[in-house]
Amino acid sequence: MTEFELGEARVLDAGAVGGVMGQANDRLVWLPRSFSGAQDIMFAGDMIDTGWVRVARVEGAVVGFLARCGAEVHGLYLLPQMQGRGIARALMTEAQRTCDTLGLWSYEANSRASRFYRKAGFVEVSRSAGATNDVGLPDIRFEWQREAD
């Protein structure tokens with residue numbers, strides 16, 4: 001198992017966070033590239049500035065992150081070579097510990113992500129033809145709710 005630590009993203013992490021997002025998206029051959037690397041970094045910086053981002057670090061380097069505003073998960077990304085090591089699960093578990101409910105959208109074509117979210121206890125609540133996302137691809141709304149004690 002890979003040793004990693006979770007923590008708040010720092011302003012200077014914007015380049016690394018944007019790079020993680022870009023590399024993860026580039027591996028999805030069905031996903032059109034709609035933003036440049038510079039735009040990814042700018043977007044990452046905006047999310048970090050608003051306090052949305054928790055990062056996973058291996059030997060001090062950012063290898064993944066979860067961006068969340070309140071109960072809405074806006075992104076969960078890992079470097080492709082870091083997938084399958086429990087890092088995404090740790091980021092999501094941390095978010096679930098701090099919220100009673102969480103919601104997110106995932107592209108329908110991203111079957112790996114859908115499996116991950118279902119394993120994490122999320123349920124599908126709706127689908128969209130993609131009219132409201134940046135690339136116009138069909139997507140799925142997932143929601144999670146803490147079970148009552």
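Visitor: Leaving aside the neighbours within four places in sequence, what is Pro 80 in contact with?

Guide: Pro 80 touches Gln 23, Ala 24 and Arg 27, once its neighbours within four places in sequence are set aside. Keep in mind that this is a predicted model.

Visitor: How far apart are Pro 80 and Gln 23, in sequence and in space?

Guide: They sit 57 residues apart in sequence, yet C-alpha to C-alpha the gap is 7.1 Å. Pro 80 itself belongs to the loop between E4 and H3.

Visitor: Why is Pro 80 called buried?

Guide: Its relative accessible area is 13%, and buried means under 20%. So 13% puts Pro 80 in the buried class.

Visitor: Which residues of helix H4 are buried?

Guide: In H4, residues 111-119, they are Ala 113, Ser 114 and Tyr 117.

Visitor: What makes you put those on the same side of H4?

Guide: Around the axis they cover an arc of only 100 degrees, so they share one side of H4. In an α-helix there are 3.6 residues a turn, so residues three or four places apart point the same way.

Visitor: What do the buried residues of H4 pack against?

Guide: Strand E4 (72-78), helix H3 (87-98), strand E5 (101-107) and strand E7 (139-145). After H4 comes Gly 121, with a positive phi near 95 degrees.

Visitor: What lines the second largest pocket?

Guide: The lining includes Glu 8, Trp 52, Arg 54, Leu 66, Arg 68 and Glu 94, around a space of about 150 Å³. H3 gives the most, with four residues, and strand E3 (61-69) supplies at least two.

Visitor: How many of the lining residues are nonpolar, polar and charged?

Guide: Four are nonpolar, three polar and four charged. Gly 51 is in the lining, and Gly is counted as polar.

Definitions and conventions:
Residues numbered from 1 in each chain as written. Predicted model: local features only at pLDDT ≥ 70, side-chain atom pairs only at ≥ 80, totals over all residues. Heavy atoms only, no water. Buried < 20%, exposed > 50% of the residue type's maximum accessible area, 1.4 Å probe, protein only. Arc of directions from axis to C-beta. Contact = heavy atoms within 4.5 Å. 1 Å grid on protein atoms, 1.4 Å probe; cavity = no way out; pocket = protein on both sides within 12 Å on 5 of 7 lines; lining within 4 Å. Points joined across faces, edges and corners; volume = space filled by probe spheres on them.
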